[in-house]
Amino acid sequence: MWVGEFRKMTGLIYKEFNRDIHMVDVPIHKFNKDVQDLMRRINEKVMTLNVDDLGRDFHSCEALARKHETYIEELTALKAQLQELNKQSDILRQMHPGDTAESVAAEMDELIERFRDLWLLAENRSRDLKQLK
């Protein structure tokens, strides 16, 4: 009888331990997934900006300028997502000091740097399109 109770108790402890581990991993896993998703979207945006076409005539230049304005609006939405992820990273770094905090900080630094590069490309494209008007 004692062995059965012991097994039941260790089973409960094991389940509780796994639940606690899972509760810790879920926010970090979600954060990592969100960072990867945003990085993918930023990289896609960079690829669309690496085009030298500024239009052949006034009308095509105007069309590209309108398209670029929409693009800037999309970047503003990405910036809001980046800011939200940065808030989440602050919380995760406080909850998980040490190696996990350093890893989260490194991921955020890389993401922010990549977004800054994208923003600069977009500003340069805006400038080039305005000069042609």
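**View 1. The largest pocket of the predicted model.** On a 1 Å grid over the protein atoms alone, a pocket is an open set of points where a 1.4 Å probe fits, with protein on both sides within 12 Å along at least five of seven lines, and its lining residues have an atom within 4 Å of a point. Grid points are joined across faces, edges and corners, and a volume is the space filled by probe spheres set on the points; for the largest pocket this volume is about 260 Å³. The model is predicted, so that local features need pLDDT of at least 70 and side-chain atom pairs count only at pLDDT 80 or more, while totals for chains, interfaces and linings use all residues. Residues are numbered from 1 along each chain as its sequence is written, and side-chain values use heavy atoms, with hydrogens and water left out. The lining of the largest pocket comprises 13 residues, and Thr48, Leu49, Lys67, Tyr71 and Arg125 are those nearest its centre. By class, five lining residues are nonpolar, three are polar and five are charged, where Ala, Val, Leu, Ile, Met, Phe, Trp, Tyr, Cys and Pro count as nonpolar, Asp, Glu, Lys and Arg as charged, and the others, Gly among them, as polar.

View 2. The protein chain has three helices and zero strands, in the order α-α-α along the sequence; helices (H or I, at least four residues) and strands (E, at least two) are DSSP runs, numbered from the N terminus. At least two residues of the lining of the largest pocket come from each of α1 (2–49), α2 (58–95) and α3 (99–132), and α2 gives the most, with six residues.

View 3. Rings of Phe, Tyr and Trp (its six-membered ring) pair if their centres lie within 6.5 Å, and planes under 30 degrees apart count as stacked, over 60 as edge-to-face and the rest as tilted. By this rule there is one aromatic pair: Phe115 and Trp119 form a tilted pair, with 5.8 Å centre to centre and 35° between the planes. Both residues lie in α3, four residues apart, about one turn of the helix. Phe115 counts as buried because its relative accessibility is 6%, whereas Trp119, at 24%, counts as partly exposed; buried means under 20% relative accessible area, exposed over 50% and partly exposed in between (1.4 Å probe, protein chains only). The charged end of Lys79 sits over the ring of Trp119, 5.7 Å from its centre, the criterion being NZ of Lys or CZ of Arg within 6 Å of the ring centre and within 35 degrees of the ring normal.

**View 4. The largest nonpolar core.** A nonpolar core is a set of buried Ala, Val, Leu, Ile, Met, Phe, Trp, Tyr and Cys residues joined through side-chain atoms within 4.5 Å. Among the 21 residues of the largest such core, Ile42, Leu111 and Leu118 touch the most other members. Two or more residues are given to this core by each of α1, α2 and α3, and the largest share, eight residues, comes from α1. Over the protein chain of 133 residues, buried residues make up 26%.

View 5. Leu129 of helix α3 is buried, with a relative accessible area of 3%, and its C-alpha atom is separated by 8.8 Å from that of His68, 61 residues apart along the chain. Gln88, in α2, counts as partly exposed at 25% relative accessibility, and the C-alpha atoms of Gln88 and Phe31, 57 residues apart along the chain, are separated by 7.5 Å.
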